[in-house]
Amino acid sequence: MAQKQALVHDPAAEVKEILCWQEENSQKISKILGRIKQNSNGVLLPEIDHYQGTLQYPILNEIGESVLNVDFLEKLSHKKLNLLERFVYNQFLICPDHKSSFLVNVRLCCPKCSSLDVNKLHLFEHKICGCIMEKTKFVGLQKSDSLRCPACSRTIKQPEKELRVPATWYFCNDCKDKFDNALINFHCKEFDHDFTIHDAQVVTAYGYALTNGASHLPLDHQKLKSEISKVLIKLGFTVDENYLIKGKSGHDHSIDIYGNNVKDQTVFILINETTDSEVDSKIIQIFDTSPKIALIIGLASITEKTKAIAAKYNVSIISSQNISEIISETEKILSNRIQKLDGAQSK
């Protein structure tokens, strides 16, 4: 009989597959990482539905994925991408036979007759006289001003100092047996039956935290420029990328995306990748060239202070790492600014 060929794991194929998946889902990945950073302070936790027996991540719905699609998050935590770090958020036991819900109760049972009518008893020790009796024997237990020891009849004024709890035990009201350890069973509420801790199945709920790599997620610049150029063409502009223009100071400036229309309205779009200081230098660049419309796209976080400074020079700023959001906001800003220019020229 021919020996079956063993399945061989191919690490190179796995890496190729995960990178292809990343490229195909780049917009979704960028959006969900941004949402985790903004709305969840960098940590994503599941919502546990005990009735439906599911672990849900509602944020997935924002990118058009099922809230149950944990595989999407697992891929982001793949060591090759290293965008999310998975950690154990919670663990709990469920019925091994019925996993359609997480509705489980813990039951204390009598180890002798299996009755559920079990009470927990506490032993109290009166430190002064050494009396050890059940909690219920101490007179006036519910009224601290009249609490007395059943042996020496002394008033106990400070229970936390004068009493000690040396042990806890259990009492079965059915068979009247006393025992140190109650039998612990689990009850499946959905199908009304018990199971033991040894039979129970463990469910692990995972959380996900942004890694340092997620905050530096590369963005396809050429695709971004191409999509913005399409917006400008749609609005009636001719477009040049990496356009060189001489400013009033005599210095040459490179414009990432330059647009011009028949009304001689000029649009300069500059892409900023790093810090607020870089934005400041681009504002100076805009001030030196005086376009009709100026837009800075910040791929890194930009402070409100810098945005306020830019607004004084009639410069609009978009701060995002998501291409679809950038394109949508760019079209909205340009349409509004062009409308205002047309209105001013018609007066």
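**Entry 1**

I began at β6 and strand β7 (residues 132-134), which pair in the antiparallel sense over 3 bridges. I noted that the model is a predicted one. In β7, Glu134 is the bridge partner of Leu123. β6 and β7 form a hairpin, and 5 residues lie between them. I looked up phi in the turn and found a positive value of about 85° at Gly130.

**Entry 1: β6 and β8**

I then asked which strand pairs with β6 over 8 bridges. It is β8 (residues 163-172), and the sense is antiparallel. I took β6 as residues 118-126. Asn119 has Phe171 in β8 as its bridge partner.

**Entry 2: the sheet of 3 strands**

I traced an open sheet with the order β5-β10-β11. Its pairing is antiparallel. I checked β5 against strand β10 (residues 183-188) and found antiparallel pairing over 6 bridges. Asn105 has His187 in β10 as its bridge partner.

**Entry 3: the sheet of 5 strands**

I followed a second open sheet, in the order β13-β14-β15-β16-β17. Its pairing is mixed. Strands of a sheet pair through backbone hydrogen bonds, either parallel or antiparallel. Which strands are at the edges? They are β13 (238-246) and β17 (315-319), and each pairs on one side only. On average, neighbouring strands of this sheet are turned by 30° against each other, direction ignored.

I looked inside this sheet at β14 (residues 252-260) and β15 (residues 266-272), which pair in the antiparallel sense over 4 bridges. Gly259 stands opposite Val267 in β15.

I then searched for a helix on the sheet. Helix α5 (residues 221-234) packs there and touches β13, β14, β15 and β16 (293-298). The direction of α5 makes about 105° with that of β13.

**Entry 4: totals**

I count 8 helices and 17 strands in its secondary structure. How many of the 347 residues are buried, as a percentage? The share is 36%. Among contacts with a separation of 6 or more, 61% come from residues 24 or more positions apart. The accessible surface is about 20700 Å², and carbon and sulfur atoms hold 49% of it.

Terms used:
Residues are numbered from 1 along each chain as its sequence is written. This is a predicted model: local features need pLDDT of at least 70, side-chain atom pairs count only at pLDDT 80 or more; totals for chains, interfaces and linings use all residues. Side-chain values use heavy atoms; hydrogens and water are left out. Helices (H or I, at least four residues) and strands (E, at least two) are DSSP runs, numbered from the N terminus. Buried means under 20% relative accessible area, exposed over 50%, partly exposed in between (1.4 Å probe, protein chains only). Contact means heavy atoms within 4.5 Å. Accessible areas come from the Shrake-Rupley method with a 1.4 Å probe; for residues, only the protein chains shown count as cover. Two strands pair if DSSP finds at least two bridges between them. Axes are lines fitted to C-alpha atoms, for helices over the stretch in contact, and angles run from 0 to 180 degrees between N-to-C directions.
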